[in-house]
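User: I am new to this structure. Please show me how to read it, step by step.
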Amino acid sequence: MALIRDDQLVDDDSRLLADDEALPASGKVVVSLARWQKERDALLARKEPVGVRLKSDESPETIAADLERLTLVELEFPKFRDGRAYSNARILRERYGFQGELRAVGDVLMEQLHFMRRTGFNAFEISGPDPLGQYRTAQAEFSVWYQPTGDGRETAINLRHRLAGETRDR
Amino acid sequence: MYRYDEFDRKLVVERANQFARQVKRRLSGELNEDQFRPLRLMNGLYLQLHAYMLRVNVPYGTLSSKQLRCFAHIARRYDRGYGHFTTRQNIQYNWIKLEETPALLRELADVEVTGIQSSGNCVRNITSDQYAGSAKDELADPRKYCELLRQYSVLHPEFSYLPRKFKIAVTGSPTDRAAVAVHDIGLRMHRNKQGEIGFEVLVGGGLGRTPWIAHTIRDWIEPEHILSYVEAILRIYNLHGRRDNIHKARIKIIVNQMGIDKYRELVEAEWQRIKDSALKVPAEEIERIDRYFAPPAYAKLEDATALLDGQRKASREFDRWLKANTVGHKVPGYAIVNLTLKALGKPPGDIDADTMDRVADLADRYSFGEIRISHRQNLVFVDVRQDQLHELWQKLDALGLATPNLDAITDIICCPGLDYCALANARSIPVAMDIRKRFVDVDELADIGELKINISGCMNACGHHHVGHIGILGVDKRNEEFFQLTLGGSSDQNASLGDRLGPGLPQSEVPDAIAAIVERYKSVRNDGERFLDTYRRVGIEPFREAVYGKDSEKAVA
Amino acid sequence: MRMIIANRLNDGRVVFYTAGGGWDLDIAAGLGVEGEAEEAKHFAAAKADEAACKVVDPQLIDVKVEGGKPRPVAIREVVRAFGPTI
């Protein structure tokens, strides 16, 4: 399993803790929503980076108040066909303004990486050969986007009218 | 009609290239079938009984002659010389090879046509009124809003893995020819008190296993807010739609489970958050798209009824065809002409490559080079000069495209069924062809009048049987094909779902049953009353008895 | 008797698993299998061909012999074997 963050292949410096695993003294950990809700204070008291992993049927609303204290939010794709995390990613970024790492985990395949990036994911747990190559191919496949998402890309509508305005003003 | 600009063109080329790469990965085994299936479906490619089937989008049913010629070429080069028009204004090819699909899609991209999202759990073809732009009763051409929605929904990163498929239809007329009440989202254009154009938004309509008439989620939305409102609806659906059972995954299920009031509450809350975002459509964009739908260069003509009257008196056949297949136009001196693809001995909605080319030529000569596809799997020329109708009719007649049966008993909607489709329980096409054979006399057709038969080979209802005046549904009973009839469905602005007539009939008994229903109708109808209205007046019993006899316990079994 | 039917991956055409371990467009060339052991053995080979990207979704289907010629029992498979009936 490889981790890509902000377009680079990086080492995973966080550990996913099982619900019944003891909390380590140090190190960045990621816990389930259930554990976060139960042990929030203890986790924050560690003063170490902490992340929460949401299942596809768990709502970002449940952690909205704490987002500033989370370094990392992981959104699970139990099956690549389960598209709920795309909406949850956008809600985290665009409604709640989450600035930390938003990581796609689970059944994360090359063919969905472009859409994931568009909806706000900036980190991806990918398996298979040549993950960085796969990732780069996926990101480079499209250069026109119709819909505004939080990714800051200029939509075709914007471009059309901006360019028309520039031509007019010349 | 809309023409791609550099951005539209680039996107479809990039998409075709992506699919070429995905096909390579599939053929080499890097992708298994489970991983590849949604990808090919999102390009319109199904694996059916005999081969791959490709569904090509015809956005809101509007086609140029150049595109139709390309369809003919595709049929010859990549298929077996014919195509099939569908109830969602698309075209299907039945004999496609996976390894040739990338080249095929590139050829289509050259004429600004794609299979993008014609299948898959995403937003499908945006469909509309086949008479858009020319209909007398139209408030405004709905197609500019369709084009806006098309671009918005294509390769939408958030909504490409919905719980299930998603279908949107738009009507610009109070007479709903787009069946908006049986779509996941329906947009019904109307004017507010200030005379401005806007839409009633309907949600949760659909056919299939659990048919439902849509609810109104909002009485009024301004055009500039269409995209944000649709986004709100889609987001709530994406998050809350069921994913545990594919037969319970459409938006109509969740809307009915939650109740429309709760669903509306969630959508409105979401919409408030996003309505003033970048999704608000700038007036310049609506205007830009609108320019593509500017009316063609109509000649300044007088109404030609007097000329037509003379021609009608001189030819009974022309008179019949004019009455049956043509419709009034908003511009004086023009008419809308329907070409029914329901010839004797041919599967409904099918058309061969040579005929496609001839139709393209006629479109150029008589209708500003444009063709429309209707929900009844027919073609339309929407801008024909009245003084050219007689000439056009003769040419259509020579091609077998002038059967005067629009909306008549032989203008049957029919899905491909078990002759082609992996989902089907029964063969629908032979049933349609048997009924077609039964009613050849054109005077009888005219006497029966408007009677829409819709045939589906299975519960997925691609033949829209629930909303047929007579619906026919194929079922499998112990490896034998049986057909259940329903009566009284309608897809227009007074939409209704058909009522079950009785137990399934074997294929051989269906034409007799139809004939019995027709006879009963004729014997109880009031003067000039069409079948649907007679049914709504007298109820199902007279027809049940006509088909199943006085042994009504048998019928209600 | 049963046979194994599938679609060819590259062109989608219907094919039947043969005695030689290949796949043929003609049902007459299909291998008739009898009994659970035979079925399991040949079906495993068919699944291996699926994994090797030759075919998609192999299925065991019931076939009868009529006038010396094999014919599927289910209408759906008859249509697959012999093409559209219209």
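User: Into which domains is chain B divided?

Analyst: This is a predicted model, where local features need pLDDT of at least 70, side-chain atom pairs count only at pLDDT 80 or more, and totals for chains, interfaces and linings use all residues. Residues are numbered from 1 along each chain as its sequence is written, while chains are lettered from A and ligands numbered from 1 in the order in which they are written. Chain B has domain 1 (6–110), domain 2 (134–291), domain 3 (305–398) and domain 4 (413–556). These bounds come from an automatic or database domain assignment.

User: How many residues does the contact take from domain 1 and from domain 4 of chain B?

Analyst: Two residues are in contact if their C-beta atoms, placed from the backbone, lie within 7 Å. The centres of domain 1 and domain 4 of chain B, taken over C-alpha atoms, are 33 Å apart. Domain 1 of chain B gives 5 residues to the contact and domain 4 of chain B gives 8.

User: Why is chain B called as compact as a globular protein of its length?

Analyst: Compare the radius of gyration, taken over C-alpha atoms, with the globule rule, 2.2 Å times the number of residues to the power 0.38. Chain B has a radius of gyration of 23 Å, close to the 24 Å that the rule gives for 557 residues, so it is as compact as a globular protein of that length. The C-alpha trace of chain B spans about 60 × 60 × 55 Å along its principal axes.

User: What share of the contacts in chain B with a separation of 6 or more joins residues 24 or more positions apart?

Analyst: That share is 67%.

User: How do I read two packed helices?

Analyst: Two packed helices are described by the angle between their axes and the distance between the axes. In chain B, the axes of α3 (residues 65–78) and α12 (residues 353–366) come within 8 Å and cross at roughly 170 degrees. Axes are lines fitted to C-alpha atoms, for helices over the stretch in contact, and angles run from 0 to 180 degrees between N-to-C directions. Angles over 145 degrees count as roughly antiparallel, and α3(B) and α12(B) are therefore roughly antiparallel to each other. Among the contact residues are B:Leu68 and B:Phe71 of α3(B) and B:Met356 and B:Val359 of α12(B).

User: How many residues of chain B are in contact with chain A?

Analyst: In chain B, 32 residues are in contact with 26 residues of chain A. The largest share of that side of chain B, 6 residues, comes from α1(B). Helices (H or I, at least four residues) are DSSP runs, numbered from the N terminus.

Terms used:
Helices (H or I, at least four residues) and strands (E, at least two) are DSSP runs, numbered from the N terminus. Angles under 35 degrees count as roughly parallel, over 145 as roughly antiparallel, 65 to 115 as roughly perpendicular and the rest as oblique.
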